[in-house]
Amino acid sequence: MWCFSQVKGAVDDDVAEADIISTVEFNHSGELLATGDKGGRVVIFQQEQENKIQSHSRGEYNVYSTFQSHEPEFDYLKSLEIEEKINKIRWLPQKNAAQFLLSTNDKTIKLWKISERDKRPEGYNLKEEDGRYRDPTTVTTLRVPVFRPMDLMVEASPRRIFANAHTYHINSISINSDYETYLSADDLRINLWHLEITDRSFNIVDIKPANMEELTEVITAAEFHPNSCNTFVYSSSKGTIRLCDMRASALCDRHSKLFEEPEDPSNRSFFSEIISSISDVKFSHSGRYMMTRDYLSVKIWDLNMENRPVETYQVHEYLRSKLCSLYENDCIFDKFECCWNGSDSVVMTGSYNNFFRMFDRNTKRDITLEASRENNKPRTVLKPRKVCASGKRKKDEISVDSLDFNKKILHTAWHPKENIIAVATTNNLYIFQDKVN
Amino acid sequence: MEVQKEAQRIMTLSVWKMYHSRMQRGGLRLHRSLQLSLVMRSARELYLSAKVEVHEPEVSLQPARFLDPRLHSRREAEAEAEAAPLDGEQPSPEPMDTQEAPRAQEAPARGGPCPAKVSRKRRSSNLSDGGDVGLVPSKKARLEEEAASLEIPDRLQPSPAQAEGAFPNLARVLQRRFSGLLNCNPAAPPTAPPACEAKPACRPADSMLNVLVRAVVAF
């Protein structure tokens, strides 16, 4: 049973475009939650240490750090503006006191170091406290500067900037399990980087045809396998997923496995090609399965079986008859993400009207919940929602025609260890928790 | 007729969306452009198949840009004539290769930057020959001129990055054709896009649409 925990962001309905959330990601421990927005900012929330007295809820998330990751740029050669929107954030596993994350916009990836400073040196001999140099003649004694506590300051500094490697728009970054390399993928190419080296990267996938007029598909998402450092997958706009092994060759143009489900001819329509495009691909934590999201469904694939998914969950099948309208209002191009829970037993994805859906793989039950400020008292249990596809609408059901297609949940994240989820509406971040007792 | 109108509406809408996407921050999105061109192609095929059913003599068809195996059945029927020689070359795991084979068959003599500009035989001759599938516009000369103007920018641009980034062919052709399309089409989009500089003479919808489809995929 899911309960409201917190909501972050502006209350008013007038949404500033820069505040539109474009990515959400928990770090490896779940203590930190990062969001990126269209304005190029990254906001990191930190979970409070658990309150032993109030054991019925887990710690709240409060703002830990905010920084401007990317600025708008202009490509003078192509006369193109480069948006500052943060497309993806990926955390590095923690190695020391500092935290590191990769954030990317359409063209440039940056490695950020987020570190805490809670003490500062005081008692310099040659400098005053404010930094001005003292007159040397006034120095009569010698003292050793000491560290004294100060108010906690969280600093974010860009440690590496990986630029100029992508002609097309970056859609994915993924850190390798070796924690030394990572990949970045754009529409036609995937590059492999070393975290320490910014002036070059290796191109490992290139699907650009010799003649661009022959282009039929683009890369939509890519991810490294969680355990095998030589394996990664990339999804395409045609609904296929290719698994590649970097040991096979330097340029992984030949896939090791091709995951593709034959199209159901009864579902063939005018817009079939668009809705089969995969918008997100995520490996399970175990590495045994991967999940793909296309416009209407979520599919779970067993890496050992290429010809069809092992599970398919319909997210909002009632939209299939509305594809023409969704094409007109551009909603058919929305790129929904999906995520696994920590134990790989439940998957979650977003929908319209600020609805999001969870599918339990074991019980085969699914639930639709809504992210809304109406339920914003802490520990309010969320009521399951239901969309009435056709015919008589029951009480508490919502008809398809009254769904608000401007309220879409594209980005969701699940705490790696606990039942805490972060759900991003247009400009608000909702945090929900499973009822503990 | 309804089908034809709907298809034409979708085509117009797609062109408008493609034009509008050029105005967006961050430049043309390759994935979005591809999706729009796919819809436009499907709409065009639907439109043309609906037209053929009405037995219009003026119908003009364009050689296939994308011979995707998952096309409508009508396309498959047309391709049956050359299915036999192509079968051996057709499938391969990579979608890219599937496109290569038929084109190589159709246009052996043409090399150069745009091998996709396949033979321009008239449709009537095709049907009688049962040979090349080349479904071409009836207004051959004008299209060749336009094709030449589309080809030239490719050759003039030495760096591929430059060509991809700014999509100059698309820009040029859209500017020339778009206002013409809007003028000819009764189902124009509700909000007019920013005024185009050139105002071309109004052409029959078919050949214009063919050029448009070719233009929008030439990025």
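Which element supplies the largest share of the lining of the largest pocket? Keep that in mind while you find your way in. The model is predicted.

**Stop 1: the largest pocket**

Select Lys38(A), Lys85(A), Asp334(A), Leu410(A) and Arg32(B). Of the 41 residues that line the largest pocket, these lie nearest its centre. The space in this pocket comes to about 1500 Å³.

Now colour the elements around the pocket. From chain A, select β2 (21-26) and β16 (219-224); from chain B, select α2. Each of them supplies at least two residues of the lining. The answer to the opening question is α2(B): with 4 residues, α2(B) gives the largest share of the lining.

**Stop 2**

The structure holds 8 cavities of 30 Å³ or more. Select Ser277(A), Ile332(A), Phe333(A), Asp334(A) and Gln35(B), which are the closest to its centre among 13 lining residues.

Which elements each supply at least two residues of this lining? Select α1 (272-275) of chain A and α2 (30-53) of chain B.

**Stop 3: chain B**

Count 10 helices and 0 strands. Along the sequence the pattern reads α-α-α-α-α-α-α-α-α-α. Chain B has 219 residues, and 53% of them count as buried. Take the contacts in chain B between residues at least 6 apart in sequence: 66% of these join residues at least 24 apart.

**Stop 4: aromatic rings in chain A**

Bring chain A back and show the aromatic side chains. Over all chains, the structure has 21 aromatic pairs. Start with Phe4(A) and Phe432(A). Is this pair stacked or edge-to-face? The ring centres are 6.2 Å apart and the planes meet at 70°, so the pair is edge-to-face. Planes over 60 degrees apart fall in that class.

Phe4(A) sits in strand β1 (residues 2-8) and Phe432(A) in strand β32 (residues 429-434), 428 residues apart. Phe4(A) counts as buried because its relative accessibility is 4%. Phe432(A) is buried too, at 1%.

Move on to Phe162(A) and Trp193(A). This pair is also edge-to-face, with 5.2 Å centre to centre and 70° between the planes. Phe162(A) belongs to strand β11 (residues 146-162) and Trp193(A) to strand β14 (residues 189-194), so the pair ties together parts 31 residues apart in sequence. Both Phe162(A) and Trp193(A) are buried.

Together with Phe432(A), they form one aromatic cluster.

**Stop 5: charges over rings**

Select Tyr289(A) and Arg361(A). The charged end of Arg361(A) sits over the ring, 4.6 Å from its centre. Then select Tyr327(A). Which residue lies over the face of Tyr327(A)? Lys17(B) does, at 5.4 Å from the ring centre.

**Stop 6: Gln68(A)**

Zoom to Gln68(A) in strand β5 (residues 61-68) of chain A. Its relative accessibility is 34%, so Gln68(A) counts as partly exposed. The side chain reaches the backbone oxygen of Gly39(A) at 2.7 Å. Turn to His70(A) next: its backbone oxygen lies 2.9 Å from a polar atom of the Gln68(A) side chain.

Show the surroundings. Beyond neighbours within four places in sequence, Gln68(A) is in contact with Gly39(A), Gly40(A), Arg41(A) and Trp112(A). Also draw a distance to Ala156(A), 88 residues away along the chain: the C-alpha atoms are separated by 9.2 Å.

**Stop 7: Asn171(A)**

Finish at Asn171(A), in the loop between β11 and β12 of chain A. Is Asn171(A) buried or exposed? Buried, because its relative accessible area is 15% and the cut-off is under 20%.

Leaving out residues up to four places away in sequence, Asn171(A) touches several others, including Lys88(A), Asp187(A) and Thr220(A).

Note on methods:
Residues are numbered from 1 along each chain as its sequence is written. Chains are lettered from A and ligands numbered from 1 in the order in which they are written. This is a predicted model: local features need pLDDT of at least 70, side-chain atom pairs count only at pLDDT 80 or more; totals for chains, interfaces and linings use all residues. Side-chain values use heavy atoms; hydrogens and water are left out. Buried means under 20% relative accessible area, exposed over 50%, partly exposed in between (1.4 Å probe, protein chains only). Contact means heavy atoms within 4.5 Å. A polar contact is a pair of N or O atoms within 3.5 Å; within protein, one must be able to donate a hydrogen and the other to accept it, and residues adjacent in sequence count only if both atoms are side-chain atoms. Rings of Phe, Tyr and Trp (its six-membered ring) pair if their centres lie within 6.5 Å; planes under 30 degrees apart count as stacked, over 60 as edge-to-face and the rest as tilted. A charge sits over a ring if NZ of Lys or CZ of Arg is within 6 Å of the ring centre and within 35 degrees of the ring normal. On a 1 Å grid over the protein atoms alone, a cavity is a set of points where a 1.4 Å probe fits but cannot get out, and a pocket is an open set with protein on both sides within 12 Å along at least five of seven lines; lining residues have an atom within 4 Å of a point. Grid points are joined across faces, edges and corners, and a volume is the space filled by probe spheres set on the points.
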